[in-house]
Amino acid sequence: MSKTHAVLADLAVADDCLLIGDMPVTALADRVGRTPFYAYDRGAITARVAALRAQLPEGLALHYAVKANPMPALVQHLAGLVDGLDVASAGELGIALDTPMPPRQISFAGPGKRAAELARAVAAGIVVSLESEREMRALADIGVAQGRRPTVAVRVNPDFELKASGMKMSGGPKPFGIDAERVPAVLRALAALDLELVGFHIFAGSQNLRAEALIEAQGHIFALAYRLAEQAPTPVRTLNIGGGFGIPYFPGDQRLDLARVGEHLSERLAEARRRLPTVRVVLELGRYLVGEAGYYVCRVVDRKDSRGTVFLVTDGGLHHHLAASGNLGQAVRRNYPVIVGNRVRGTARERVNVVGPLCTPLDVLAHDLEMARAEVGDLIVVLQSGAYGLTASPTAFLGHPPPGEVLV
Ligand SMILES: *Cc1c(COP(=O)(O)O)cnc(C)c1O
């Protein structure tokens with residue numbers, strides 16, 4: 001490997017073949033019966049949750065943000081490991097409700113919730129994160145109509161930004177949450193409605209690898225929560241502080257220093273228990289729980305030399321894995337870690353472009369990347385593909401079949 005990559009060093013390999021859940025990827029491909037497919041390693045997910053629990057303070061609740069990967073079997077597996085599920089649509093809510101997770105431990109965020117979605121949420125008895133005043137009033141009306149008291153949290157659009165975040169979702173004007181400065185007035189209006197307020201939801205951003213940036217944001221989040229708690233009509237029972245923990249994708253990316261974040265959260269949690277004695281603090285993570293446990297596996301269909309550049313044309317591409325193609329929010333396209341699954345090190349190596357079958361120059365899985373020399377029939381594996389993979393991809397684009405999806 002020409003450049004150090006945190007991920008490539010940690011791969012499980014036997015006879016130069018990648019192992020996924022202790023199974024050679026070639027055997028797994030036979031078992032699935034076709035390529036391309038996504039494979040998620042349940043043991044890796046279990047180990048990730050255990051590693052988090054070991055570093056995070058006791059009593060800090062851990063929720064899974066289903067948006068990162070809504071595969072029902074995977075959500076089912078995680079439901080047995082975490083303390084709650086956060087969903088962002090009625091579709092995800094249905095998946096969450098099929099698990100044994102108690103409804104009170106399921107929360108529903110996301111702008112523009114429609115009346116039918118809110119009605120299902122109220123009937124299910126889950127917690128709705130209010131994203132606007134309209135939503136608050138609509139929910140109260142639905143509660144009256146159903147004869148049930150809706151449970152809500154106020155999602156706050158904070159007055160600060162998460163620095164060095166892959167995707168900023170707070171600070172300045174945003175469609176997410178209610179602007180922090182408007183929250184006191186909203187709480188007064190809420191007190192007059194038949195809604196049960198459990199607390200606040202403050203999510204500042206995603207894909208952050210820098211412990212200092214997360215620590216700084218968490219400091220702001222707790223400070224904001226204490227200010228808002230003074231205005232709340234009832235004691236705060238839930239404070240969802242978001243997450244934003246990132247995973248390494250690109251050469252040179254350093255793994256997040258979880259121990260540092262955990263130490264800081266211990267102090268914050270101790271303080272929170274003094275200041276808000278009834279509070280349950282929730283960390284909600286998507287990508288960090290599942291991203292590294294997922295693999296996208298496709299097969300080389302053609303090997304072409306165009307004016308001195310080798311193109312491996314595979315049966316998989318951006319229609320299944322938009323993020324790896326660089327078209328999901330990347331300003332500059334960089335390669336995900338991509339390997340030849342059945343020749344991880346290889347006897348010969350070369351620089352190649354890996355492309356998909358779509359008739360567009362956007363369909364690139366790797367550009368000018370050094371890999372083992374691959375032949376037609378070999379398996380190409382995109383690592384770090386467990387989060388925002390299939391779920392964030394335009395599967396209808398060009399009419400190819402959808403990929404398989406397995407939990408192993
Ligand atoms: C997307 C999202 C998450 C998950 O973010 P990750 O970066 O995958 O951990 C959590 N909470 C909210 C409100 C989100 O919108």
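The legends below describe close-up views of one predicted model.

Residues are numbered from 1 along each chain as its sequence is written. In this predicted model, local features need pLDDT of at least 70, side-chain atom pairs count only at pLDDT 80 or more, and totals for chains, interfaces and linings use all residues, while side-chain values use heavy atoms, with hydrogens and water left out.

**View 1. An open sheet of three strands.** The strand order is β1-β2-β3, with antiparallel pairing. β1 (13–14) and β3 (23–24) stand at the edges with a single partner strand each, so one side of each has no neighbour in the sheet. Strands (E, at least two residues) and helices (H or I, at least four) are DSSP runs, numbered from the N terminus. Two strands pair if DSSP finds at least two bridges between them. β1 and β2 (residues 17–20) are joined in the antiparallel sense by two bridges. A14 stands opposite C17 in β2.

**View 2. Strand β12 and its parallel partners.** Strand β12 covers residues 196–201, and six of its six residues are buried. Buried means under 20% relative accessible area, exposed over 50%, and partly exposed in between (1.4 Å probe, protein chains only). β9 (residues 151–157) pairs with β12 in the parallel sense over five bridges. There, R155 has H201 of β12 as its bridge partner. β14 also pairs with β12 in the parallel sense, over three bridges. In β14, T238 is the bridge partner of G199.

**View 3. L85 in strand β6.** L85 lies in β6 (residues 84–87). Its relative accessible area is 0%, so L85 counts as buried.

**View 4. Aromatic pairs.** The whole structure holds seven aromatic pairs. Rings of Phe, Tyr and Trp (its six-membered ring) pair if their centres lie within 6.5 Å; planes under 30 degrees apart count as stacked, over 60 as edge-to-face and the rest as tilted. Y38 and Y40 are stacked, at 6.1 Å centre to centre and 25° between the planes. Y38 is buried at 0% relative accessible area, and Y40 is buried at 1%. Ring pairs link Y38, Y40 and Y296 into a cluster.

**View 5. An edge-to-face pair between two loops.** F250 and Y336 pair edge-to-face, at 6.1 Å centre to centre and 75° between the planes. F250 lies in the loop between β14 (238–240) and α9 (258–275), and Y336 in the loop between β17 (309–314) and β18 (338–340), so the pair ties together parts 86 residues apart in sequence. F250 is buried at 9% relative accessibility. Y336 is buried at 5%.

**View 6. Charges over rings.** A charge sits over a ring if NZ of Lys or CZ of Arg is within 6 Å of the ring centre and within 35 degrees of the ring normal. K113 lies over the face of F108, 5.5 Å from the ring centre. The charged end of R275 sits over the ring of Y226, at 4.0 Å from its centre.

View 7. Around the ligand are 13 residues, of which K67, S206, E284, R287 and Y388 come nearest. A residue is near a molecule if one of its heavy atoms lies within 4 Å of it. A polar side-chain atom of Y388 lies 2.5 Å from a ligand oxygen atom. A polar backbone atom of R287 is 2.8 Å from an oxygen atom of the ligand.

Terms used: Polar contact = N/O pair within 3.5 Å; in protein donor to acceptor, adjacent residues only side chain to side chain.
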